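Good morning, colleagues. Please turn to the sequence and the model on the screen.

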Amino acid sequence: MRLKDIREDKDITQKTLSEYLNIRQNTYSQYETGQRQIPIETLIKLAVYFDTSTDYILGLTDIPEKYPRCEKYNNQ
């Protein structure tokens with residue numbers, strides 16, 4: 001998973017993201033280290049936040065561009 005790389009490339013702290021996700025910073029840190037699996041809803045929020053695809057976050061593709069989003073997620 002490349003969550004840490006994406007976050008660091010954008011100069012965002014774990015604290016900032018944990019506040020956005022409404023979780024503890026330690027929980028977010030565990031997502032980055034693989035100690036805890038990311039819930040699907042949280043993964044979607046991260047993809048929207050970083051303007052990329054869940055596949056890119058998970059390392060399933062090396063293409064960072066997002067897919068066209070359905071209407072439900074266009075304004076988040």
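A word on conventions comes before the details. This is a predicted model, in which local features need pLDDT of at least 70 and side-chain atom pairs count only at pLDDT 80 or more, while totals for chains, interfaces and linings use all residues. Residues are numbered from 1 along each chain as its sequence is written, and side-chain values use heavy atoms, with hydrogens and water left out.

Let me begin with the core. In soluble globular proteins, nonpolar side chains tend to be buried together. By a nonpolar core I mean a set of buried Ala, Val, Leu, Ile, Met, Phe, Trp, Tyr and Cys residues joined through side-chain atoms within 4.5 Å. Buried stands for under 20% relative accessible area, exposed for over 50%, and partly exposed for what lies in between, with a 1.4 Å probe and protein chains only. The largest nonpolar core has 14 residues, and those touching the most other members are Leu3, Leu17, Tyr28, Ile38, Leu46, Phe50 and Ile57. Two or more residues each come from helices H1 (3-9), H2 (14-21), H3 (25-33), H4 (40-50) and H5 (54-58). Helices here are DSSP runs (H or I, at least four residues), numbered from the N terminus. Which helix gives the most to this core? It is H4, with four residues.

Leaving aside residues up to four places away in sequence, Leu17 touches Arg7, Ile12, Tyr28, Leu46, Tyr49 and Phe50; contact means heavy atoms within 4.5 Å.

Arg7 brings us to the charged side chains. A salt bridge is a side-chain nitrogen of Lys or Arg within 4 Å of a carboxyl oxygen of Asp or Glu, and the structure holds five of them. Arg7, Glu8 and Glu32 are linked in a network of salt bridges. Between Glu32 and Arg7 the closest N and O atoms are 2.5 Å apart. This pair links distant parts of the chain, with Glu32 in helix H3 and Arg7 in helix H1, 25 residues apart. Are these two residues buried or exposed? Both Glu32 and Arg7 are buried, Arg7 having 8% relative accessibility. The side chains of Glu8 and Arg7 meet at 4.0 Å, N to O, and Glu8 counts as partly exposed because its relative accessibility is 40%.

A further salt bridge joins Lys15 and Glu19, at 2.6 Å, N to O. These residues are separated by about one helical turn because they are four residues apart in helix H2. Lys15 is exposed, at 53% relative accessibility, and Glu19 is exposed at 52%.

Finally, the two places towards the end of the chain. Lys66 lies in the loop between H5 and helix H6 (71-74) and is partly exposed, with a relative accessible area of 39%. Lys66 touches Asp51, Thr52 and Ser53, again not counting residues up to four places away in sequence. The side chains of Lys66 and Asp51 are joined by a polar contact of 2.8 Å, that is, a pair of N or O atoms within 3.5 Å; within protein, one must be able to donate a hydrogen and the other to accept it, and residues adjacent in sequence count only if both atoms are side-chain atoms. Leu58, for its part, is placed in helix H5 and counts as partly exposed, at 37% relative accessibility.
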